[in-house]
Amino acid sequence: MEESVKRLTEETSAKIVACGSVAELNDIRVKVLGKNGELTALLKGMKDLPPEKRPEAGKIVNVARETLENAIATRQSALEKAELEKRLQAEKIDISIDKPVEHIGGLHPLTIMRNRIVEFFSSLGFVVAESPEIETDYYNFEALNIPADHPAREMQDTFFITDSILLRSQTSAGQIRLMEKVKPPIKMISPGRVFRADEADATHSPVFHQVEGLVVDKGITMCDLKGILDLFAQHFFSQDTKTRFRPSYFPFTEPSVEVDASCHHCGGKGCNVCKGTGWIEIMGAGMVNRNVLIGCGIDPDEYTGFAFGGGLDRITNIAYGISNARIPFENDIRFLKQFR
């Protein structure tokens, strides 16, 4: 009995080592360890042994079974790994190509300009403050000194979800949210998408982009505002660009101004871009209204501030000489590929 088990173990171990596939290994397992296998047959033959020899014989058979099972498991693991590697090599897809990729995407011009503006103001110590596109009537209008019966609401007619929830018509709402949480000194810009119920044409869209800035601190004056906007215009248009202020009106600033930049296409001489005036309007600005500061818990007798804001689309169109506000959104590849 012992000799038979030993011989079977040695022969089977040799076959396991020489086995070349998982299927072949499984055949060996069934042939030796299966219900009708050779080792199982030896175990069944124990009934013919004298009772006193059966325990020892059972031990020998069990040790042989454990040895063979371990050998099969080890060999199966190695075979499965080898077969996987072989299959991976056979099924490998070469994703490389013989020539350089020609059609590489690029950033949209609006994204390029937004990144440039954020980089510029960040270099001056401004922080970027994001705010929700879905706003409340309070933050979008009332906190900006535009009560329910104010005529300025008609100029900023937007899309209402409920009587008090709307799509923001200006990113100024983000300035209010920041002033409620952070006390002066404050230097922030708020770029983002805004919505107004406008008909789409060459200069208007129901969806467009703004970038607004706010500075609040002790002793802030219009001179500080002019200096910042001079730097802005010279950075984005040309070093020779000049700015000028024209009196205007915004409910949230007092005094308020329209900001013009000298036309960088003609150097202020007059052309079709500036309609012969030598100037291009780029944004609105002014000193923050006392009522707005009071509403945010800031003492207007101790702190003053200025705010400015302009259409990111308009600034982009001026900088790149785009004549129609709809062009950047028409997905014309001939236009977009210029900004790769």
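Strands (E, at least two residues) and helices (H or I, at least four) are DSSP runs, numbered from the N terminus.

On one side, E7 pairs with E6 in the antiparallel sense over seven bridges, and two residues lie between these strands in a hairpin. Look for Pro-247, whose bridge partner in E7 is Val-257. E7 also pairs with strand E8 (residues 279-288), again antiparallel, over eight bridges; there, Glu-258 has Gly-284 in E8 as its bridge partner. Two strands count as paired if DSSP finds at least two bridges between them.

## The whole sheet

Now step back to the sheet. Seven strands make up an open sheet with mixed pairing, in the order E1-E4-E5-E9-E8-E7-E6. Strand E1 (127-128) and strand E6 (243-250) are at the edges with a single partner strand each, so one side of each has no neighbour in the sheet. As a reminder, strands of a sheet pair through backbone hydrogen bonds, either parallel or antiparallel.

E8 has eight of its 10 residues buried, so E8 is largely enclosed by the rest of the structure. E8 pairs with E9 in the antiparallel sense over four bridges, and Gly-286 has Ala-307 in E9 as its bridge partner. Strand E9 (residues 304-311) is also joined to strand E5 (residues 207-217) by eight bridges, and these two run antiparallel. Glu-212 stands opposite Gly-309 in E9.

## Helices around the sheet

Helix H5 lies across E1, strand E4 (186-195), E5 and E9, running at about 165 degrees to E4. Axes are lines fitted to C-alpha atoms, for helices over the stretch in contact, and angles run from 0 to 180 degrees between N-to-C directions. Contact means heavy atoms within 4.5 Å.

H5 (residues 109-123) also packs with helix H11 (residues 312-320), at an angle of about 100 degrees and with axes 9 Å apart. The two helices are therefore roughly perpendicular to each other (65 to 115 degrees; under 35 is roughly parallel, over 145 roughly antiparallel, the rest oblique). Among the residues making the contact are Pro-109 and Leu-110 of H5 and Leu-312 and Tyr-320 of H11.

Helix H8 (residues 172-181) has seven of its 10 residues buried, so H8 is largely enclosed by the rest of the structure. The buried ones include Ser-172, Ile-176 and Met-179. Their cover includes strand E2 (134-136), helix H6 (137-140), E4, E5, H10 and E9.

## How confident is the model?

The protein chain averages a pLDDT of 86, and 95% of the residues score at least 70; pLDDT is the predictor's confidence in each residue, from 0 to 100. Confidence is lowest in helix H7 (residues 152-155), with a mean of 70, and highest in helix H10 (residues 290-295), at 95. Where pLDDT is low, the predicted coordinates should not be read in detail.

Residues are numbered from 1 along each chain as its sequence is written, and side-chain values use heavy atoms, leaving out hydrogens and water. In this predicted model, local features need pLDDT of at least 70 and side-chain atom pairs count only at pLDDT 80 or more, while totals for chains, interfaces and linings use all residues.

Technical notes. Buried means under 20% relative accessible area, exposed over 50%, partly exposed in between (1.4 Å probe, protein chains only).
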